[in-house]
Amino acid sequence: MEAQRQDKLYMQRCIDLAKKAEGNTYPNPMVGSVIVHNGKIIGEGYHRKAGEPHAEVNAINAVKDESLLREATLYVNLEPCAHYGKTPPCSLLIRQKKIPRVVVGCTDTFSKVAGRGIEMLRSAGVDVTVDVLEAESRELNRRFFTFHEQKRPYILLKWAQTRDGYLDIDRTVLDEARPTWITDDWARRMVHKWRRTEPSILVGTVTALKDNPSLTVRDWSGPNPLRLVLDRFGKLPHTLTLFNGKTPTLVFSEEGTPVSENVETVYLTDTENPLLAVLEELYRRGIQSVMVEGGGILLNAFTDAGLWDEARVFIGEKWFVSGVEAPKIRQKPEAWEKFGNSRLFIYRNKSLY
């Protein structure tokens with residue numbers, strides 16, 4: 001029991017290290033590694049950026065006395081790779097360093113790994129323990145696993161609603177072409193931080209018209225997500241910020257759409273499901289997650305279809321009395337916290353798992 005407790009303790013350290021690179025490793029998963037000798041950590045590291053050395057390499061390089069590796073245990077939250085990519089296989093390096101024991105958080109289901117790393121280690125006589133804090137390890141890289149296992153991007157819904165359950169007041173484009181704010185600056189900064197870690201962001205026609213959003217990272221540092229807009233019937237004018245060409249943008253439409261630098265049209269047929277068409281195109285492009293910031297029509301389309309993985313819902317202090325009703329999720333939140341003048345609720349779509 002004490003050995004299991006220690007394994008979990010060091011695996012949690014791997015997960016904590018991996019989180020330091022959130023938003024920097026894409027499309028690679030977040031991975032941390034710890035090397036322990038006689039109950040003492042002698043080396044640790046994490047995958048800092050896509051294309052750079054993996055976590056196991058950084059942990060091994062951090063060990064000052066390499067001779068201790070032959071009596072040490074290496075912990076890593078994701079199965080060591082067994083293929084040549086931008087870097088050599090980590091499983092081969094572990095074998096070469098003659099590390100006798102490896103503890104793995106979860107198996108890597110990516111087709112180029114999928115158990116091969118563990119098999120490579122065991123064939124060399126390495127004692128491999130698998131699935132220590134498996135749920136936590138998979139949670140860390142849930143976008144990566146969803147993409148490779150379900151052949152679609154991870155779907156994150158986000159919206160803000162009033163205390164009486166409305167997304168927006170009743171308004172027309174002529175009345176007001178800007179957002180109706182429900183939360184404060186703290187919530188907006190958090191949303192921009194989320195945008196930094198999601199590779200794409202989606203809105204529908206009505207939101208694009210009413211709010212004229214930028215869908216960029218302005219109140220945080222980091223890259224902008226790929227902007228996506230579902231405009232089935234080509235209603236959006238050329239003057240919208242989405243079409244300014246400053247950030248790559250995909251327009252999903254059955255009709256012609258504005259053509260400018262960095263703006264690309266993905267043509268839909270009148271018979272295909274537009275939501276599935278968006279997800280299929282994102283999968284084809286290797287995009288592992290999408291944050292849906294649309295209005296009521298688009299959000300309800302996803303929730304009604306049960307086609308979502310996670311929802312982040314801000315509830316502000318305002319009351320609208322009437323207006324655009326917010327989507328309703330028929331389950332309890334997984335977690336919540338006070339956030340500025342509002343509360344943030346996190347939901348997971350348990351029916352998908």
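The buried residues of helix 6 pack against helix 5 (134–140), strand 6 (154–161), helix 9, strand 12 (289–292), strand 13 (310–315) and strand 16 (342–348). Keep in mind that this is a predicted model. Helix 6 itself spans residues 142–150, and seven of its nine residues are buried. These are Arg142, Arg143, Phe144, Phe145, Thr146, Phe147 and His148.

**Strand 6 and its partners**

Let us move on to strand 6, one of the elements that helix 6 packs against. How many of the eight residues of strand 6 are buried? The count is eight of eight, so strand 6 is mostly covered by the 20% limit on relative accessible area that defines a buried residue. In general, the side chains of a regular strand alternate between the two faces of the sheet.

Which strands does strand 6 pair with in the parallel sense? Strand 12 is one partner, joined over four bridges, and strand 13 is another, joined over six bridges. Ile155 stands opposite Val290 in strand 12, and Leu156 has Glu310 in strand 13 as its bridge partner. Strands of a sheet pair through backbone hydrogen bonds, either parallel or antiparallel.

| Strand pair | Sense | Bridges |
|---|---|---|
| Strand 6 and strand 12 | parallel | four bridges |
| Strand 6 and strand 13 | parallel | six bridges |
| Strand 3 and strand 4 | parallel | four bridges |

**A residue in helix 9**

Helix 9 is also among the elements packed against helix 6. Val278 lies in helix 9, which covers residues 274–284. Is Val278 buried or exposed? Its relative accessibility is 1%, so Val278 counts as buried. Leaving aside residues up to four places away in sequence, Val278 touches Leu202, Leu230 and Phe252. Leu268 is 10 residues from Val278 along the chain, and their C-alpha atoms are separated by 9.2 Å.

Elsewhere in the chain, five strands form an open sheet in the order 2-1-3-4-5, with mixed pairing. Strand 2 (40–46) and strand 5 (127–130) stand at the edges; each has a single partner strand, so one side of each is left without a neighbour in the sheet. On average, neighbouring strands here are turned by 15 degrees against each other, ignoring direction. Within this sheet, strand 3 covers residues 73–76 and strand 4 covers residues 101–104, and Leu74 stands opposite Val102 in strand 4.

Two helices lie across these strands. Helix 1 (residues 2–19) lies across strand 1 (32–37), strand 2, strand 3 and strand 4, and runs at about 145 degrees to strand 1. Helix 4 (residues 116–123) lies across strand 4 and strand 5, at about 150 degrees to strand 5.

**The whole chain**

The chain has 10 helices and 16 strands, and its C-alpha atoms fill a box of roughly 75 × 40 × 35 Å along the principal axes. Of its 353 residues, 51% are buried. Among contacts with a separation of 6 or more, 69% come from residues 24 or more positions apart. The chain exposes about 17100 Å², with carbon and sulfur atoms supplying 50% of it. Finally, the mean positions of its 49 positive and 46 negative charges are 4 Å apart.

Conventions
Residues are numbered from 1 along each chain as its sequence is written. This is a predicted model: local features need pLDDT of at least 70, side-chain atom pairs count only at pLDDT 80 or more; totals for chains, interfaces and linings use all residues. Side-chain values use heavy atoms; hydrogens and water are left out. Buried means under 20% relative accessible area, exposed over 50%, partly exposed in between (1.4 Å probe, protein chains only). Contact means heavy atoms within 4.5 Å. Accessible areas come from the Shrake-Rupley method with a 1.4 Å probe; for residues, only the protein chains shown count as cover. Lys and Arg count as positive and Asp and Glu as negative; His and the chain ends are not counted. The place of a charge is taken as NZ of Lys, CZ of Arg, CG of Asp or CD of Glu. Two strands pair if DSSP finds at least two bridges between them. Axes are lines fitted to C-alpha atoms, for helices over the stretch in contact, and angles run from 0 to 180 degrees between N-to-C directions.
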